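The following exercises are to be worked with the structure in view. Each task is followed by a solution in steps.

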Amino acid sequence: MRFKTVTSPHLHQQTGVNQVMRRVLYAMVPGITALVWFFGWGILINLALATVMALGAEAAMLAARSKPLALHLGDYSAVVTAWLLAVALPPLAPWWMTVIGILAAIVVAKHLYGGLGYNPFNPAMIGYVVLLISFPREMSAWLIPHGIGQPHALSLLDTLQIIFGGAGSLPIDALTGATPLDVLRTQLGLGQTVAEIRNSPVFGIVAGRGWEWATAGFLTGGLWLIYTRTAAWQIPAGLLGGLAVMATAFYLIDPQHYAPPWFHLWSGAAIFGAFFIATDPVTASTTPRGRLIYGAGIGILIYLIRGFGGYPDGVAFSVLLMNIAAPTIDLYTRPRVFGERQP
Amino acid sequence: MSALFPFHGGLKTVRHKTESNQTRIWTAMLPPRLTVPLRQHIGAIAKPLVQPGDRVLKGQMIGQPDGYISAAIHAPTSGIVSAVDPQPVAHPSGLADLCVTIESDGEDRWINRQPVNYPHLHPSELRNVIRNAGVVGLGGAAFPSAVKLNPSGRSERLDTLILNGAECEPWITCDDRLMRERAADIVAGLQIMAYLLGPYEVMIGIEDDKPEAIAAMSAACVRTGYMVCPIPTRYPSGSVKQLVRLLTGKEIPVDGLPVDVGVQCFNVATAYTVHRAVNFGEPVISRIITVTGQVHGPGNFEVLIGTPFAALIAQCGGYREGVERLILGGPMMGFALHSDDAPVTKAANCLLAVGPAELAPELPVLPCIRCGACMDVCPADLLPQQLYWHARAKEFDQARDCHLFSCIECGCCSVVCPSHIPLVQYYRYAKNEIWALEKEKQRAEQARQRHQARMERLEREKQEREAKLRQKAPRVEVVASSGKQEG
């Protein structure tokens, strides 16, 4: 009797790229739920629009590159990119911003570099940075969270109208405001102390009101990703560690002018970036020690940009900068091979 | 029980041990014809001692070891040699190799077996007995055991002698059954090995999913001082490097051997054959093989070397529906046979027929997303994802710098890869390319040296000729001038 010859191993675990990507999506659900609660329908509309656009752009690029559509669309990587970007966009961002961001992410940052697995930069962060540099005003106009001042009661229809048709007669300027990190930055610039600024109604228990609950949601999802070994623990540990060390050092030097470490860890995109953005394996370092260094680098850069740079938050720039460094970090952090003498 | 030293990585795989380990070892039937390959071991092929038409007895040497690293081959039964020619053998290449074909006479008549009383023998004589019995490592590598049992050349005594009863591959249970049923024989063989090597300690590593084997071996080891060490069931704990690390905490150096860290390691079945060879005068003419998977009656069989796989399958009641692959060895490191007409060899520990139920559907390969799942399971602490990039890009020097040759091809990385990349295949490819390049380089170097030697020789000859000519020069001139005149 004749048989098929295939090389060993003959066993395979039923894991797949699509499973990894789906887990990332599941893990984002608690954080997204909190965002929707505090910022309304805009979050969901952005997510839906970004997803549709990302799948469309992915399909078009796959077709252009003569790749099997169903196989690659089914890996969910485009959906992950779409969600990561959509969550980072202001809830009332006009529709064309989402479109531009997704095109920059999927077409340029992903497929022009060779598609899944070959992109040196985190696609979602490229999309985000393109928008941040091109449309700084729109990108900093975040909806004021539910529960501060007058409760915003934008209906689904109102939100759709703002996103797709412009503000029109709606009092959009009254609904939007600066993000907590932006407030901190501006007020520090005006010579106020951290303690004074913290009395502002935009701040809650630890960090920005409303925002801090989204952060808690992303932390929950992120810890689940670590628990299921979908993401490497070293990257968030390094990132949060790096940020904490920097923030603590400056806080100890001058607590009047530097926010405490817990505020930094819980503010902006630090937690979200640590567990969801920096852990993108394609663009991160792959060795165990390298991942710690890579994460720490991002954490330190986040602090430097927040404290001394031109932007209120720095997760996207820090991730992109460390993306460049990842191959070099890998080269110098190779683990000791079994039986290799201690160097 | 001493503390264990866990190795990095590894996998908890499916087990599938109970299909075949619930029944006693069966004795396989004597087939009418046996095809005995002369190369069943690592090292030089044995030199045939018989010709077609010769009558042979069971246990008679038909292939003589050729050189130090080689092994003797014996007739598994009595009969008449019908051919000494290349026949299909179980090899990934599918190529034929030199075999002795014996038509059985059905009498199964032994040669005159001569057991030896080994404590009265000089160690070198005892090693010769083992060597002439064709004892090789039965765990799969089939390295001539007499070579490993020679402590000469080492200044200090061996620290640890390890007997490998881990049997970490799924489905395989031949060592499990052997340990359960013939523990005392294994320990008798182990005593001979210990006599030759003089280790400070003797350890027997058995995965803890074999409680019956552990109990049987522990009972057989009473008052020997040998330690039976249950080890966690984690593939590839039966790999020499991992087992040595697990039991002793020592790491065999890259490019090194167990003896480099004062350890020697043998399979339990090898110890059994040493016992049969020394205490009964029986050479290695049979082995225990697990036949399992999609066959009607899976189990373990004591089978004569040279029995066709097809005959063995027939004794198990044949294949079930939908067998797609026939694997020699385990599902992690075994290779898929082209056909079942090849014969059983000393290294054949398992015959596994698998169908869609056992095999994952062949999924399309996606690009590497550098998730590092491969790195987390690599027992050699390699970076499989980087090796893959280098192998794929044909950057063989970089692959070697990333310790490609530390890869033991255990297959863990391929199993867990979410992109379903056949990683091990890439490493084999890179290794083969490097070996080929090295051979090419050697050949080129030889050619260069030959060429240089030839040029030097030609130059030397030319100079010698010229020197002679110069010596004869005056006369030549005269002759030449006279010749001209004649012209």
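A residue is called buried if 20 or more other C-beta atoms lie within 10 Å of its own, exposed if 12 or fewer do, and partly exposed in between, with C-beta atoms placed from the backbone. This is a predicted model, in which local features need pLDDT of at least 70 and side-chain atom pairs count only at pLDDT 80 or more, while totals for chains, interfaces and linings use all residues. Residues are numbered from 1 along each chain as its sequence is written, and chains are lettered from A and ligands numbered from 1 in the order in which they are written.

**Exercise 1. Describe chain A as a whole.**

Step 1. Count the elements, taking helices (H or I, at least four residues) and strands (E, at least two) as DSSP runs numbered from the N terminus. Chain A has 17 helices and 2 strands.

Step 2. Compare the radius of gyration, taken over C-alpha atoms, with the globule rule, 2.2 Å times the number of residues to the power 0.38. Chain A has a radius of gyration of 21 Å, close to the 20 Å from the rule for 343 residues, so it is as compact as a globular protein of that length.

Step 3. State the burial: 51% of the 343 residues of chain A are buried.

**Exercise 2. Determine which residues of helix α4(A) are buried, and what covers them.**

Step 1. Helix α4(A) has 12 residues, and 12 of its 12 residues are buried.

Step 2. Among these buried residues are A:Ser77, A:Val80, A:Trp83, A:Leu84 and A:Val87.

Step 3. For the cover, two residues are in contact if their C-beta atoms, placed from the backbone, lie within 7 Å. The elements covering the buried residues of α4(A) include α1, α2, α3 (69-73), α5 (95-110), α6 (123-134) and α15 (270-277) of chain A.

**Exercise 3. Describe how α2(A) packs on α4(A).**

Step 1. Two packed helices are described by the angle between their axes and the distance between the axes. Axes are lines fitted to C-alpha atoms, for helices over the stretch in contact, and angles run from 0 to 180 degrees between N-to-C directions. The axes of α2 (residues 41-64) and α4 (residues 77-88) of chain A come within 8 Å and cross at roughly 145°.

Step 2. List the partners: residues of α2(A) including A:Leu47, A:Ala50 and A:Glu58 meet residues of α4(A) including A:Val79, A:Trp83 and A:Ala86.

Technical notes:
The expected span of a helix is 1.5 Å times one less than its number of residues.
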